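Please keep the sequence and the model side by side while reading, and look up each residue as it is named.

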Amino acid sequence: TVRSYRGLLERCVPDWLDLPITSITYEMVQTRHKELTKTPRQGTNGQYQANAVLRTVGSLINFAADNFEDAEGESIIVANPVRKHTKNRG
């Protein structure tokens, strides 16, 4: 699982890997999903890969929300931007 997550993230969102998880925004999620669903030269649909990477990022953000707190004991994640994207159906 870790290997597949890492490969997917390195392929689809490499520019996000060095960012603080709290800096990933709804707009970033929307833009990346749209980019990944464009039909590539191979003519395949990128929908599966786009959805897979968002499921992975969403799971990692949920993990951070459940396990990491600020100095006041509050979760470092206020809202998961992937959840908002999913609820709005992209």
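Predicted model: local features only at pLDDT ≥ 70, side-chain atom pairs only at ≥ 80, totals over all residues.

His33, leaving aside its neighbours within four places in sequence, is in contact with Gln47, Ala50, Asn51, Leu54 and His85, where contact means heavy atoms within 4.5 Å. This histidine is found in helix H2, which covers residues 26-37; helices here (H or I, at least four residues) and strands (E, at least two) are DSSP runs, numbered from the N terminus. His33 is buried, because its relative accessible area is 12%, and the cut-offs behind such words are under 20% relative accessible area for buried, over 50% for exposed, and partly exposed in between, with a 1.4 Å probe and protein chains only. The side chains of His33 and Asn51 are also joined by a polar contact of 2.8 Å. A polar contact is a pair of N or O atoms within 3.5 Å; within protein, one must be able to donate a hydrogen and the other to accept it, and residues adjacent in sequence count only if both atoms are side-chain atoms.

Residues are numbered from 1 along each chain as its sequence is written, and side-chain values use heavy atoms, with hydrogens and water left out.

One of the residues that His33 contacts, Gln47, has its place in helix H3. Gln47 is partly exposed, because its relative accessible area is 32%, and, not counting residues up to four places away in sequence, Gln47 touches His33 and Thr37. Gln47 and Glu69 lie 22 residues apart along the chain, and their C-alpha atoms are separated by 34 Å.

Helix H2 also holds Arg32. Is Arg32 buried or exposed? Arg32 counts as buried, because its relative accessibility is 13%. The side chain of Arg32 makes a polar contact of 2.8 Å with the side chain of Asp15, and another polar contact, of 3.1 Å, joins the side chains of Arg32 and Glu35. Not counting residues up to four places away in sequence, Arg32 touches Cys12, Val13, Pro14, Asp15 and Trp16.

Now consider the whole chain. The protein has four helices and zero strands, and from the N terminus on its elements run α-α-α-α. The C-alpha atoms fill a box of roughly 50 × 30 × 20 Å, taken along the principal axes. Of the 90 residues, 29% count as buried. Among contacts between residues at least 6 apart in sequence, 48% join residues at least 24 apart.

Leu9, found in helix H1 (residues 2-12), counts as buried, because its relative accessibility is 10%. Not counting residues up to four places away in sequence, Leu9 touches Pro14, Leu17, Val53, Thr56, Val57 and Leu60. Leu9 and Asn45 are 36 residues apart in sequence and 18 Å apart in space, C-alpha to C-alpha.

Leu9 also takes part in lining the second largest pocket, together with Val13, Trp16, Leu17, Leu19, Pro20, Ile21, Ile24, Val57, Leu60 and Ile61. On a 1 Å grid over the protein atoms alone, a pocket is an open set of points where a 1.4 Å probe fits, with protein on both sides within 12 Å along at least five of seven lines, and lining residues have an atom within 4 Å of a point. The volume of this pocket is about 160 Å³, a volume being the space filled by probe spheres set on grid points that are joined across faces, edges and corners. The largest share of the lining, three residues, comes from helix H3 (residues 47-67). The lining residues divide into 11 nonpolar, no polar and no charged, where Ala, Val, Leu, Ile, Met, Phe, Trp, Tyr, Cys and Pro count as nonpolar, Asp, Glu, Lys and Arg as charged, and the others, Gly among them, as polar.

Lastly, Asp70 is found in the loop between H3 and helix H4 (81-87). Asp70 counts as partly exposed, because its relative accessibility is 33%, and its side chain reaches the backbone nitrogen of Glu72 at 3.0 Å.
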